[in-house]
Amino acid sequence: MGLQTPFDSATPVLVDDRAGQGIFRVARRAFVAPDVLACEQREIFGKCWLYLGHESEVASPGDFLTRRVAGRSLIFARNKDGEIRAFFNTCPHRGAMVCREKQGSANMFRCFYHSWAFDLDGKLITRPGNDSYSENANAHGEHNLVRTPRLEEYRGLYFINFDRDAPDLASYLGNTREFIDLVMDQSPDSMEVVGGTQEYGFKANWKLLAENSMDGYHGQPTHATYFDYVMSTNGGLGDTVVKISKPHDLGGGHAVVEYGAPWGRPIAKSVPAWGKEGEDETAALRASLTQRFGEERANRIAYTNRNMVIFPNFVINDIMAITLRTFEPIGPGQMRVNAWALAPKGENPKSRQRRLYNYLEFLGPGGFATPDDCEALALCQEGYANAAEAGWNDISKGLNQERPSIEDEVQMRAFWREWSRRIEGTEP
Amino acid sequence: MSAHTAPMRKLSVNRSDVEDFLFEEAALLDDWKLTEWVALFEPGASYYVPTAGAADDADPATSLFYVADDYHRLTERVKRLLKRTAHVEFPHSRCRHMVSNVRIIGGGDDTFGVTSNFATYRSKRGRTELYFGHHRYVMTLIDGAIRIRQKTSFLDSDDIAEQGKVSIII
């Protein structure tokens, strides 16, 4: 458990949690040290549930995609019976990557090197020179594709775990399920990932994006030009409808912020730029939500924004559009990001168009906001060049406040306490 | 994918005229003269950057892009990029836009198609990023002058993990 190489004496702890004294700090070493990253790979990415993909991405039997998760190359596929499978993308023979396409539909996977072929359950079905192998060679499935030790699903979201002994997904997700439900309930049928993945990156430590994804404090200063745009487009900042501003520590390192905001929400809050048509459509969507869930829950779904981090690296942000996002380290100072748009299946084409238009006004590598986060996080990472002398991040905002807001740092402390428990072995 | 030539109708400009226009466009972008750049678009024009590797027929109404600006948002993008609060581009990165393989791919004076290849370098704080791909334009002639009706910039890299973002006009 924890780091095997002790830290230098200047930073005996990485998370300095003295909440009673109003102090909460994180050592900048945690963002730059290769031994910390090695420990994270083992204790966090090797043991936590990690998001792989959504059921709609492999909608029909034979559909597959390949995806990088925690440095592994995985195949996510639906077999002939409609069951979803996850394999390591490596041939049991010599190890070559079996599947080289990003996505497609197939009835088998063939490794071109020696032409071993596998069915959609990963089972070896043909290979040249089969007679030269003894019967024992595949007695226990040694010549099949290796499945991920665990694969479980919650409301269409598939997660894998490399730890065979991990607790089940539902327990792991715990209190986050209430907030996942608020997103998945937006369709009377089911939700789907819209075509296309935004694959981009930050030149920053992966934990900075966990913080940033639910950081209400940076909104105004970092994203001033986005709010300028909202004002210019709608003739003013507009109504937030709900006044709530509430961070939740959901336990297990998971956290969410709930708040009202001036932007339009395709489900189901219109803005002036959408005109009469948008107003009518969102009113109909709200009426349908009210019919299904009653007024209180319908309003919560429709008007309240939520940014949630499911520990360690899965984000569901239900804001001016819904984005799913994963991020993972490819070094202490660099991460890769995958982002998707999630939407109600069967959404009418005009609403879908508005949703995607809305998504891009803020989110993603070409949005009016995310590129500035790229810059902010890169500057943090560059600032950590001074970590030996200027060694600490402050995460104390709102400590011991009776009613903290989303501009406080309750949600980041939830992340860091779980991180410390797993990395430093601290008691919760 | 590359577009292939379609039938031509009467067109009063030739490839050399179009190249002059595209080189001028590149020079404006290199010099951060974005207000002058956006004036090359006709009102109602649009500007798209699909996700890396997207098919040439990808549609922003049904697929996730990086950028899908109508004319309003395109002008807002330009306003944003010229503010010092567009943090990612303050101070402005140094850019160089290379344009080649220009082809007119059909149409006439009212509307005609153009494709080109591009390599755009962006440098900031000791790091240089390369964006490469191809542009597709729908152009028109207004009082004899070339104007852009639609521009789509397709990135041909597998992803943009290395570049990280599309914070400049590529």
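A residue counts as buried if 20 or more other C-beta atoms, placed from the backbone, lie within 10 Å of its own. Helices (H or I, at least four residues) and strands (E, at least two) are DSSP runs, numbered from the N terminus. The model is predicted: local features need pLDDT of at least 70, side-chain atom pairs count only at pLDDT 80 or more, and totals for chains, interfaces and linings use all residues. Residues are numbered from 1 along each chain as its sequence is written, with chains lettered from A and ligands numbered from 1 in the order in which they are written.

The buried residues of α11(A) include Cys374(A), Leu377(A) and Gln381(A). Their packing partners are α1 (29-32), β14, α5 (206-212) and α6 (219-222) of chain A, contact meaning that the C-beta atoms of two residues, placed from the backbone, lie within 7 Å.

The contact between the chains takes 35 residues from chain A and 30 residues from chain B. On the side of chain A that touches chain B, at least two residues each come from β14 (198-202), α7 (224-234), β20 (334-344), α10 (349-362) and α11 (370-383). The most come from α10(A), with seven residues.

Chain B contains three helices and six strands, in the order α-α-β-β-α-β-β-β-β from the N terminus. Of its 170 residues, 34% count as buried. The C-alpha atoms of chain B fill a box of roughly 50 × 30 × 30 Å along the principal axes.

Six strands of chain B form an open sheet of order β2-β1-β6-β5-β4-β3 with mixed pairing; two strands pair if DSSP finds at least two bridges between them. At the edges stand β2 (65-69) and β3 (94-107) of chain B, each with a single partner strand, so one side of each is left without a neighbour in the sheet. Neighbouring strands are turned by 20° against each other on average, direction ignored. Strands β1 (residues 41-50) and β6 (residues 145-155) of chain B run parallel and are joined by four bridges, and Phe41(B) has Ile148(B) as its bridge partner in β6(B).

Helix α1 (residues 15-30) of chain B packs on the sheet, touching β3, β4 (112-124) and β6 of chain B, with its direction at about 155° to that of β3(B). Helix α3 (residues 71-81) of chain B also packs on the sheet, where it touches β1 and β2 of chain B, at about 75° to the direction of β1(B). Axes are lines fitted to C-alpha atoms, for helices over the stretch in contact, and angles run from 0 to 180 degrees between N-to-C directions.

Technical notes. Buried ≥ 20, exposed ≤ 12 C-beta atoms within 10 Å, placed from the backbone.
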